[in-house]
Each structure stands twice: as C-alpha cells, then as structure tokens.
Amino acid sequence: MRSFFFLLAVVLIVISSEKLNAQQTTTASAAKDAPSATDQVRLAHLLEQSKGNFVIPAGTYEFGGTLEIDLTKFGALSLRTDGPVTIKMKAAGPAIRITGSLVGRAHPEQIKEHTWLERMPLIDGIGILGDHPEADGIELVQTMQSVISRVHVRKARHGIILSKRNRNVVISDVHLYHNSGIGLFLNEVDLHQINVGNSHISYNTMGGIVVRGGNVRNLHITGCDIEANMPNDPTPTESGNIFIDCRKSGSVAEVAITGNTIQHFAHYHPRNQAPGGANIRVAGRGGFQPNMITITGNVMSDTHTHVHLKHASDVTVIGNTYFTTEPTDILAENCQRIAIASSVLNPREAKGTGQVVLKDSSNCSVTGLICHNLLASDAALTLTNCRNTRVSECVISGSRNGIKLSDCENCSVTDCTVTELPPNGLGVAGKAEGNNIRDITASHRQVEPIVDSLKGSMRKEWRWLRENKDGWKLTDRGLQVLIEPGNMWGKDNNAKNVLLHPIPDAWQDSADVSVQLEQHPKKRWEQTNLVWYYSDSMMVKIGLELEHGKTNIVMGHESGDRTRTIAIVPYPDESVQLRFVVDGLKLRGFYRKPGATDWTEVGTTNLPSDSATPTPKVSLQFYMGEANSDRWATVSNFKMRPVVN
C-alpha cells in the first residue's frame, strides 16, 4: 500500500511539473536547447503552448524554415523577447510569417468578430540575420492592426513584407539594414492605413520602402533616416529610397512623406553610384496616376534624382532641402497639378550639377524656390512642353540662365530674382510667345578681374585683423608690412596686421588669385604668405619662409588648428609671385619669378565641403618675426579673377 502511495506521489509530481513547464513556456523561461536548423519547429511548439503570449528566451536561433503563425489559432498575438534574440534564417522565405483572416475593408462595422480576436498582433525586440540568398525577415498576410517595433533585419533579401491584404499597420523603431532586396516591401498588397516612423532603413540594394502595385491608401512615412538603398556601384537602377511603383498595375494615393533624411552616397566615389536612382520616385501609368501625395520637410542628397514624379497628379512638394544631386533635384514628367514650393536647392560639394525640370505637364505651380549654382543644364528651372503652369517668387543665383521655357503655352513666369548670371545669361530664356513673363530682375556676375597694385593706395575692401597701425605703410613700391612676432600656424593665432579681402560670391568655388611678395628674413620660420582664409584656425597658405638659413616656397593646410605641410620648394630669391587657383573643392598653388611667363605648381589640396564652413576670404599674412627687427615685407600687384574654363 505504501508503494502505491509513493508511485501516486511521483505521478502527481510529474503531472504538476508538466503543468508548470507549460506555464513557463508562456514566458519561455525554460532552458534553451543547443541551436539547430529546426529551431523554428521548437519555437512553434512553445508558441502554441503559450497561447499566443510568447516571450522568446534570449539567445541565437537557427531556422531551417518559416515560423508560421496562424492568428485564427491564437487570436491576439504578442511575440516578444526577454533579452537579445537573433534568428539566423538559413532557408528561403520569411523567418516569421503572420497570417490572419482579414477580408474586406477596415470599417469597424465590416470587421468580422473572429478577426477582432486577432487584433494588434505584436512583434517586438527581435533580430533576424539572413543566412540564405532568398531569406526574408517578417511577412504580414491578412492582419489587422499589426505592430512591428524594435526589430532588426540584416543580410536578408527583403526586410519586412506586406502581402495580400492588411489594415492599420504600425512599423516603428526598426532597423532594416544591408539587405540584398528591399527594406520594407509592400508587395501587391491591399492596404489602408500604415504608419512607418522613427526607423533606419539603409543599404537595401533594391530599395528602401517600395510600394509595388496593389491598392494602398494612407501611407505615412515620418521621422526616418532612409539611406543608400540602391547599388553601391555604378550599376544602373530604377528604384529608390522610397519608390511608389504603379507603372504596370495598382492604385496608390493619400501618401505623406514628412520629416525624413533621405540620401545615397553617389557623390563620394570617382564614378556616380546607382545612376537612375531616386530619393523619392512616384511612377504611374496612362491608366492611373498616383495622387494626393505630400512630400514635405525632408532633407535629401546624393542621388541621381531627388524627387521624380512620372504620371502623377495632385502632389505637393514643399519645404524640403536638396543638396548634392547627380544631376537632377526635381523632375516631373507627364504630371498634372503639382505644387513645388518653398525649398532650398544647392549642390554644395558638387559642381556642374542640379536642376528642376517640368516636362509634358500641366496646371502646375513652382513658387518660392531658392536655387544656387544649379548647373546641370542651360537653366536652373526648365519647363518643356508644359501648359497652364506658373513660376513665381523664385530666387536663382549662379546658374547659366534662370528659367527656360521650351514649347510652352499659357505659362507664367513672374516676380523672380536671378543673379550671378554669366555675361550672356538671361533671367528667362526661350520663347516668350504665348506665355506671360514680367517682373524678372536679372543681374550678371562680375567677370572683370579685381586688380590692386597696392602702390600708394589700396582698395577700400581690404580689412585689417589685429591691426598695428605703426606696422604697415603704403609706398610707391607697394604695401609694406613689418614682420612682427606672433603666429598663425597652429593654435596661437596672434599675428598682427593680418590683411583680409572678400571674394565675390560667384568666385568662391572658381577663383584665380595672385600677388607679388618680397621679404628679407633673418629668423627661422619668418614668413610672408598668400592665404585662402576661412578663419584663424582654417586656411591654406603659400609663401616665402626661412628654414635653416635658406628661403623656401612653403605650402600648407590648416584645419581646426591642426597643420599639414603640403610642399617645401627651395627658392633662393627674396622676391616671388604666388598664385592660388580654386576649382570647386580643389586648390592648387603656384609660384614664378617676377618677370617670368610660366607658373610652377607647388601642390594641391582639398578644401572643406561642410556647409557650416565660414565664407572664404583672401588673406595676406606676415609673422614669426623678431621684436624690434625693422624687417618689412613688400606686397604688390594683387589680382583676383574667376577661373576661365
């Protein structure tokens, strides 16, 4: 009898243990087996035991197939982790697929009661690492109010896929990074109401967020960094960081793309990367034009085209900032009712690029653009074969022409300011017949060189920094400046009588500057320089300098008070002509003896590209002298002009 009760106790303990284990799987606190390519089977079993409230234990899992989650079995789903979880997907297809029973619309009265039981399936805190060429991250099929957050997908094909039909989806705080396909892929999906926010979607070769076909309404993309979602080489592409693709099928409307940074890295390579790619591309077809779209508050750079609209209508593109395009900022083709307004466009690091083009479009408005140095074509803004379109209140500087009209009818160009035109440039180019052009202010950039002999007088534009009035004088030989103690090379920045001259705006990336210097140094490092000057801590110098008793031509670059010598060339004389040639972000230094014809190149350096860099000036500097030395440098024959190509 005692044996019977002992056996019964053992059975009860076993049963209690199994019940306890079943409860523990709800939080998945049981010990994890060694990883295998069938971990998806084991997790599916634990998920079933958890009845949909599943907390995956921290660790690494290897999937040899898809973890299929059928919401009709679970109802509401919560798939979370109790720490870092990485799923290695070693097979084709999604690592996780969630399938619900949603049919029809999202109107509350049309949702079936059993579908409401599946509301808001949640995936949170999971990392997925592709280990198969066709491995994907997560797929949603026929779900209602799905939420995907704090998810990382890397080295897969597609990151997150929405298929067939979904409603009211939220995707936030995700990292879809370095995948061979598409980051977020809306694949022929019937989908209304989706919010994508606060996420990094980068380095996905076939596109960042791609909507291909389907029936999509109420797509919101906000507060994301969407970057480099194109080939990392010169391979042509038709995709983009954000691509709404209705070229073959589908209906997409009611889209807001707001407050994102969107860019590639095309400019930072010897050859353009991903030619044809776009930051935002919206493409329809003859039978359907994507419409009711707002693109606002974004910062865009470094793609073939920033915003490309083709067969689109009723689109507002306003309040964006565009830089470093290769070569087109905004292109609208076969469009109607496009409003482009209140944006700044500047190639910044690039040269000979940037433009706004409207082609074969009608009933459009371009208002309040500020365009600087857009040089990709004949004009900053071109209208070709357009009808009933207005351009107004734009400020354009540094382009070959301001606005160009070609085969346009009933278009209006009014109240625009165009500056820094070349000698033959026009505020409005093309044929004016059949169009309204008025109140265009146009001015041309200065092309005559700035010449100052510095003999007996000097231009009023010169300014002294830390002036010592007793340390300079004008003579019939030129401006003479006492070489006093002090330094500009490094962090001291205390030299006296630093002379500064402004550079015309249009010449700051295309300038040729020369001067003649004479000095008679006795002390090591005593020097007189021609300088391309941003601040006391950032400059490029070329000048005469004494080193070990010998005079040299020395060229150097300083940034943040950190100095770098570019070249030292022995030069036995005490008089020299020095020259800088700036072309874009390249500066070359030259010298020659007075009276010689040919220049000798000393060296080349790159200029800073950061838009926060101070405006450059030309500077003449004299320092590292001795107290009471009475040694004066003489400066004459200053000349500055734009580079003639």
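Partly exposed denotes a relative accessible area between the buried limit of under 20% and the exposed limit of over 50%. The views below show a predicted model.

**View 1. The aromatic pair of tyrosine 177 and tyrosine 203.** Tyrosine 203 has a relative accessibility of 30% and therefore counts as partly exposed. Tyrosine 177, at 37%, is also partly exposed. A search of the whole structure finds 4 aromatic pairs. One of them joins tyrosine 177 and tyrosine 203 edge-to-face, with 5.3 Å centre to centre and 65° between the planes. Tyrosine 177 belongs to strand β13 (residues 175-177) and tyrosine 203 to the loop between β15 (200-202) and β16 (207-212), so the pair ties together parts 26 residues apart in sequence.

**View 2. The aromatic pair of tyrosine 571 and tyrosine 591.** The ring centres of tyrosine 571 and tyrosine 591 are 5.7 Å apart and the planes stand at 85°, so this pair is edge-to-face. The pair links distant parts of the chain, 20 residues apart: tyrosine 571 is in the loop between β50 (562-570) and β51 (575-583), and tyrosine 591 is in strand β52 (residues 586-592). Tyrosine 571 is buried at 3% relative accessibility, and tyrosine 591 is buried at 14%.

View 3. Most residues other than glycine have a negative phi, and most peptide bonds are trans. Alanine 274, which is not a glycine, has a positive phi of about 50°. Alanine 274 sits in the loop between β21 (261-263) and β22 (278-283) and, with a relative accessibility of 1%, counts as buried. Aspartate 630, also not a glycine, has a positive phi of about 60°. Aspartate 630 is placed in the loop between β54 (617-623) and β55 (632-642) and counts as exposed, at 57% relative accessibility. Glutamate 326 and proline 327 are joined by a cis peptide bond with omega of about 10°. Proline 327 lies in the loop between β27 (321-323) and β28 (328-333).

**View 4. A nonpolar surface patch including valine 395.** Val344, Ile370 and Val395 make a nonpolar surface patch of about 220 Å². Valine 395 is part of strand β36 (residues 395-397). Valine 395 has a relative accessible area of 38% and is partly exposed.

**View 5. Residues 1-35 and the model confidence.** The protein has an average pLDDT of 91, and 92% of the residues score at least 70. Over residues 1-35 the pLDDT is below 50, and this stretch has 25 contacts in the model beyond near neighbours in sequence. Where pLDDT is low, the predicted coordinates should not be read in detail.

Note on methods
Residues numbered from 1 in each chain as written. Predicted model: local features only at pLDDT ≥ 70, side-chain atom pairs only at ≥ 80, totals over all residues. Heavy atoms only, no water. Patch = residues over 30% accessible without salt bridge, like charges linked within 9 Å, V, L, I, M, F, W, Y side chains within 5 Å. Areas by Shrake-Rupley, 256 points an atom, 1.4 Å probe, with all protein chains shown as cover. Salt bridge = Lys/Arg side-chain N within 4 Å of Asp/Glu carboxyl O. Helix = DSSP H or I, 4+ residues; strand = E, 2+ residues; numbered from the N terminus. Buried < 20%, exposed > 50% of the residue type's maximum accessible area, 1.4 Å probe, protein only. pLDDT = per-residue confidence, 0-100. Contact = heavy atoms within 4.5 Å. Phe/Tyr/Trp six-rings, centres within 6.5 Å; stacked < 30°, edge-to-face > 60°.
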